[in-house]
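I opened this model to see how its parts meet. My notes follow in the order I looked things up.

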Amino acid sequence: MHKYIIGIDTGGTFTDAVLVDRDLHEVVATAKRPTTHFNLAKGTGDALTELIESSGIASEQVTGVSVSSTLATNSVVENKGARVAIIVIGYVKHFKLPVKAVLFVKGGHTIKGKEEEPLDLEYLVSLVSDLKDEVDVYGVCSAMSIKNPIHELVAEKAIGMIDPKPVFCSHQISNQAGMQERAATAGLHAKLMPIMQKYVSGVQLAMEKHNLHCPMIVVGGDGKPLAAEIVVKQAGLTVASGPACTAHFGAARSNTDSLVIDVGGTTTDIAMIEDRQPLLALDGCQIGQWKTHVEAVDMHTKGVGGDSYVHLSHTGQLALGPSRVTPLSMAKGILSVEEWLGSDDSSKLIIFRPEAESVAQVDGLTALLTQHGQMTPAMIREKCGLGGVALGVQLEHLSRKQQIFECGFTPTDALHVLDIIDIGEKDLAVRGADILGGVMGLSAQKFARLVIGRTEELIENLVIDYVIQRYWNNSLTSFISTRKNHPVLGVDFSIKIPLIGLGAAARYFLPSVAANLGTTVTFPEHCEVGNAVGAAIICLSGDVHP
């Protein structure tokens, strides 16, 4: 009887599943289903159902399930996840991290582990008392806790007595000496913990439904298979999980040095292959504004993909990403676009999801959305006067609880307008392009081509910036993004190694990117589900790390 491995990749838009023969290492079946963010078990279960029914295998033939996910990476890019407060003990020089708050308390130890200053418990207690309604989880980082963690442990106990929420101590999850590095690592784990808890339990529920009682592993950002229990406790290890699978898929399909580029619905991820091996970044990778400080595949990611949010200002300035929305062409039951779509705060529709987990009302916004079902930010402001930063904070809260989702025009819609793809409602995409194009004085076709061109430009800039950072350890992001519009200086770049494309959207954007960079791009077999294949490859190649 043949034995199989199932590889699963949960992205921001689709959940992919593949069935791989353990002995032959061949893909024998694939499945692709929409990711259901409000109930991850459903999307994963749908993909497993399609995979098992199409292949006709018995559950006992499956000896392992290997999963990867870009959910952690996407959460960092889109600034979602838990609201985190970092308590820094015994460090004078202040720094910032992309969390809710970074607060500094007296205390800490010397390099020999001797107490340098007593922990200011009274001040710590007052801080937590003020914060407890504003945050979901805490990170604690004390000076030289890698030598003596007592102040972190006392702080953990004190926080727990005031606010019984999770606390991450830096000495338990990082052995780096740098305070900012350890604080960032603790914050990253804290921010992503609820996301990975929900994801792991969702996959396990889907496995139970299909009587899959084999081991489940999660691919870490360094490409190593991890036990599910450790992933829940140290969720930051899964940042770059998807890109790690991207890199291993590319390495298995390439005979030469190359750049592997995964263009998904939410992000574009880039990794380099040298000597048929993915490169590792020992000090972590850069995702948006966050340096992870967790060993991972050397990769670069940006919030640009098939479902990136296209936003127009009233003056006709077009912006794309980094957040994702449901494309007009893929949305069902939404208001007629003529009733709401426009520039500024009318460029996306907020849709209340009554079937998601219930949350307490947030200053009347939940009640308003419950009553109307679908509203733009402009409509919300008109009804209750809430707008700007205040509205953004409340919408982020509801989005984190999966109580709402957002719909708008995307590159996927532009592909529909230009008859490049036909997987949704073209009419909705054309009507949306006609409205937004009208703001800029363009036809629907010209507006769609502008969106496609901007998407390709952002991916091209990402490739250039990755190579510059890889070889010169310096970012020229601001220069690269404006180089084509400079009044005096003209600069073109070329790449001397080929590109390997994977992901659902790669075929539509990468050929132009490769041409502009003077190189070639190939799309190996099963590249549309390449990360799921990569997850299976990793499962076949190594022992699980506890």
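This is a predicted model: local features need pLDDT of at least 70, side-chain atom pairs count only at pLDDT 80 or more; totals for chains, interfaces and linings use all residues.

I began with a helix pair. Gly242, Ala244, Cys245, Thr246, His248, Phe249 and Ala252 in H8 meet Gly530, Asn531, Val533, Gly534, Ala535, Ile537 and Ile538 in H17. Contact here means heavy atoms within 4.5 Å. Helices (H or I, at least four residues) and strands (E, at least two) are DSSP runs, numbered from the N terminus.

Residues are numbered from 1 along each chain as its sequence is written, and side-chain values use heavy atoms, leaving out hydrogens and water.

Next I looked up the angle. The axes of H8 (residues 241-252) and H17 (residues 530-541) come within 7 Å and cross at roughly 80°. Axes are lines fitted to C-alpha atoms, for helices over the stretch in contact, and angles run from 0 to 180 degrees between N-to-C directions. H8 and H17 are therefore roughly perpendicular (65 to 115 degrees).

H17 also lies across S1, S2, S3, S4, S9 (216-219) and S10, at about 135° to S1. These strands form an open sheet of six, in the order S3-S2-S1-S4-S9-S10, with mixed pairing. Two strands pair if DSSP finds at least two bridges between them. S3 (27-34) and S10 (225-227) stand at the edges with a single partner strand each, so one side of each has no neighbour in the sheet. S1 (residues 4-10) and S4 (residues 62-69) run parallel, joined by seven bridges. Thr10 stands opposite Ser69 in S4.

Which residues have the most contacts inside the largest nonpolar core? I noted Leu259, Leu328, Phe409 and Phe447, in a core of 53 residues. Such a core is a set of buried Ala, Val, Leu, Ile, Met, Phe, Trp, Tyr and Cys residues joined through side-chain atoms within 4.5 Å. Helix H14 (residues 444-472) gives the most to this core, with 13 residues.

Met144 is not a glycine, yet has a positive phi of about 55°. Met144 is buried, at 17% relative accessible area (buried is under 20%, exposed over 50%, partly exposed in between, with a 1.4 Å probe and protein chains only). The peptide bond from Gly321 to Pro322 is cis, with omega near 0°.

Methods:
Angles under 35 degrees count as roughly parallel, over 145 as roughly antiparallel, 65 to 115 as roughly perpendicular and the rest as oblique.
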